Amino acid sequence: MNKIQQLIDAGGAKITLPPGEYKGPFYINNPCIIEGTNTTLWNDSETVLFIKSDGVTINNVRIELANSSEKSDIYSIHADFRASYKDVEVIGKTKGLGMEDSIPEMQRQLRMGKFLCETENTFIFEVYSPDAMSILTTDIKDISIEPVNLTAGINKIKITVAPISSGSFVYGDIILKTKLNRRFFLSGSAMDNCEKCSDKCISAFSQSELAEIQRSKLVNMNAVSESTVKSSYNVQHINNQNNSVQKDTPTKHSSPEIVGTYHLKRGERVYIDNISENVIKVKMGYRGLFKDLEIDPYVFMLDSTGITSCDDDFIYFGNTDSKCGGIIFNEDKTFDIDLGKIPSHIERISFVYSIYHPDSKDNFSKVMDPFVSLICQGKEIYKYTATELFAETTIIFLDIYRYNSRWKLNTIGQGYREGLKKLCSSYGLIVS
């Protein structure tokens with residue numbers, strides 16, 4: 001049992017959580033006040049926080065569901081009882097919070113791109129508000145937003161950038177405050193010889209997203225019409241009555257023929273038999289940087305327990321060849337992978353990209369479209385771009401793993417804010 005759950009289970013009218021990041025799930029089974037101090041609760045394969053009691057208040061906590069798009073039945077918060085929330089930021093959908101549950105998964109990174117310097121530029125994005133009590137706030141210099149007080153439903157928001165000099169970079173947060181807080185990351189650059197932007201659309205809901213919002217509103221309007229929050233059984237009963245609700249499971253494909261680049265989605269799994277007998281070049285990179293950063297690729301060779309059993313199975317610029325000869329780190333920061341040489345005890349190969357010695361403000365929000373490519377016989381076969389990473393300093397791009405004596409690829413797209421050292425520890429390596 002982790003120490004956060006031990007604190008909660010110990011009881012008491014007020015429970016103060018220590019600073020740091022803690023993996024759940026967590027269960028609140030008694031009335032209490034939960035007070036965070038720069039505390040993040042997170043999970044990637046299960047619901048993060050369950051509220052199993054009335055009389056619960058949560059303050060100053062960040063609750064993050066990583067890989068939130070991969071499963072339909074896991075949540076950042078799953079509340080069986082009403083609770084009070086103050087300065088609680090969530091990433092990922094919720095359940096049991098009434099109309100909060102209808103807020104769709106957001107495009108959190110709003111890229112304005114390049115725009116004309118020394119003149120005013122305006123941009124439009126759409127944001128969904130569950131009620132008329134929502135507001136938008138930002139502390140970004142030279143930025144104004146209107147309106148800041150939202151109406152229920154989809155709101156068109158205008159962002160105005162004041163005239164700024166050439167080469168100036170705009171970067172910062174926009175916070176949507178409802179019962180909970182949700183964060184957008186805004187970025188862009190003022191340059192010479194660019195077009196002036198007048199109400200340029202940088203974010204809009206697709207027709208499928210609009211349909212999902214409407215479905216969620218109908219479900220949650222039914223849920224909040226009752227005098228108490230629905231129990232897990234009753235909410236499931238509502239969902240079962242609505243035949244448009246479907247589970248979002250990872251897509252599975254047969255390996256395509258080598259006719260061009262296959263663009264993978266997050267959580268997608270494919271067999272790679274069509275290239276597994278060749279030397280595969282793996283390239284990790286990005287489209288651009290908003291800040292000068294040094295980013296390095298790493299490979300972990302993992303056994304059946306998910307552990308890197310020896311230092312030789314950790315391949316990077318300081319250890320350029322695996323002992324088996326199946327993985328080679330090249331001077332151009334690519335890897336050559338020969339799956340035929342991988343020892344039988346290695347079940348999984350994990351490909352990681354990490355910012356080298358980041359300072360407190362360095363993270364992947366300053367990296368434009370980080371990607372990984374698999375290249376065979378000089379042709380790019382697969383490509384995956386991780387677009388939903390912001391405060392993290394390390395990415396697990398993808399895994400190649402054994403499945404029924406065959407090799408498969410699984411796109412992960414999971415980020416770690418605590419960086420490479422934390423990830424190495426989870427893989428059984430001690431890094432000083």
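**A walk through the predicted model**

Of the protein's 432 residues, 51% count as buried, where buried means under 20% relative accessible area, exposed over 50%, and partly exposed in between, with a 1.4 Å probe and protein chains only. This is a predicted model, in which local features need pLDDT of at least 70 and side-chain atom pairs count only at pLDDT 80 or more, while totals for chains, interfaces and linings use all residues. Residues are numbered from 1 along each chain as its sequence is written, and side-chain values use heavy atoms, with hydrogens and water left out.

The secondary structure comes to four helices and 32 strands; these are DSSP runs numbered from the N terminus, helices being H or I of at least four residues and strands E of at least two. Among contacts (heavy atoms within 4.5 Å) between residues at least 6 apart in sequence, 63% join residues at least 24 apart. The protein exposes about 20400 Å², and carbon and sulfur atoms supply 48% of that area, as given by the Shrake-Rupley method with a 1.4 Å probe; for residues, only the protein chains shown count as cover.

The interior comes next. In soluble globular proteins, nonpolar side chains tend to be buried together. A nonpolar core is here a set of buried Ala, Val, Leu, Ile, Met, Phe, Trp, Tyr and Cys residues joined through side-chain atoms within 4.5 Å. The largest such core has 38 residues, and those touching the most other members are Ile 272, Ile 327, Phe 335, Leu 339, Phe 351, Leu 374 and Phe 397. Leaving out residues up to four places away in sequence, Leu 374 touches Ile 275, Ile 280, Lys 281, Val 282, Lys 379, Glu 380, Ile 381, Tyr 382, Leu 398, Ile 400 and Leu 409.

Lys 179 sits in the loop between strand 15 (169-177) and strand 16 (181-191). Lys 179 counts as partly exposed because its relative accessibility is 40%. Along the chain Lys 179 and Tyr 85 are 94 residues apart, but their C-alpha atoms are 6.7 Å apart in space.

Gly 92 belongs to another loop, the one between strand 8 (83-91) and strand 9 (94-95). With a relative accessibility of 14%, Gly 92 counts as buried. The C-alpha atom of Gly 92 is separated by 8.4 Å from that of Ile 63, which is 29 residues away along the chain.

Grid points are joined across faces, edges and corners, and a volume is the space filled by probe spheres set on the points. There are two cavities of 30 Å³ or more.

The largest cavity has a volume of about 120 Å³. Its lining consists of Glu 21, Trp 42, Glu 64, Ala 66, Gln 414, Gly 415, Tyr 416, Arg 417, Glu 418 and Lys 422. Strand 32 (residues 406-416) gives the most to this lining, with three residues. By class, the lining has three nonpolar, two polar and five charged residues; Ala, Val, Leu, Ile, Met, Phe, Trp, Tyr, Cys and Pro count as nonpolar, Asp, Glu, Lys and Arg as charged, and the others, Gly among them, as polar.

The second largest cavity holds about 40 Å³. Around it are Ile 8, Gly 11, Gly 12, Ile 15, Ile 28, Asn 29, Asn 30, Pro 31 and Cys 32, a lining with five nonpolar, four polar and no charged residues.

Some backbone details remain. The peptide bond from Gly 24 to Pro 25 is cis, with omega near 15°, and Pro 25 is in the loop between strand 2 (20-23) and strand 3 (26-28). Another cis bond joins Glu 146 and Pro 147, with omega about -10°; Pro 147 is in the loop between strand 13 (143-146) and strand 14 (153-161).

Glu 118, although not a glycine, has a positive phi of about 60°. Glu 118 lies between strand 10 (109-116) and strand 11 (121-129), in the loop, and counts as exposed because its relative accessibility is 53%. His 357 has a positive phi near 50°, and its place is the loop between strand 27 (348-355) and strand 28 (367-368). At 65% relative accessibility, His 357 counts as exposed.

Conventions
1 Å grid on protein atoms, 1.4 Å probe; cavity = no way out; pocket = protein on both sides within 12 Å on 5 of 7 lines; lining within 4 Å.
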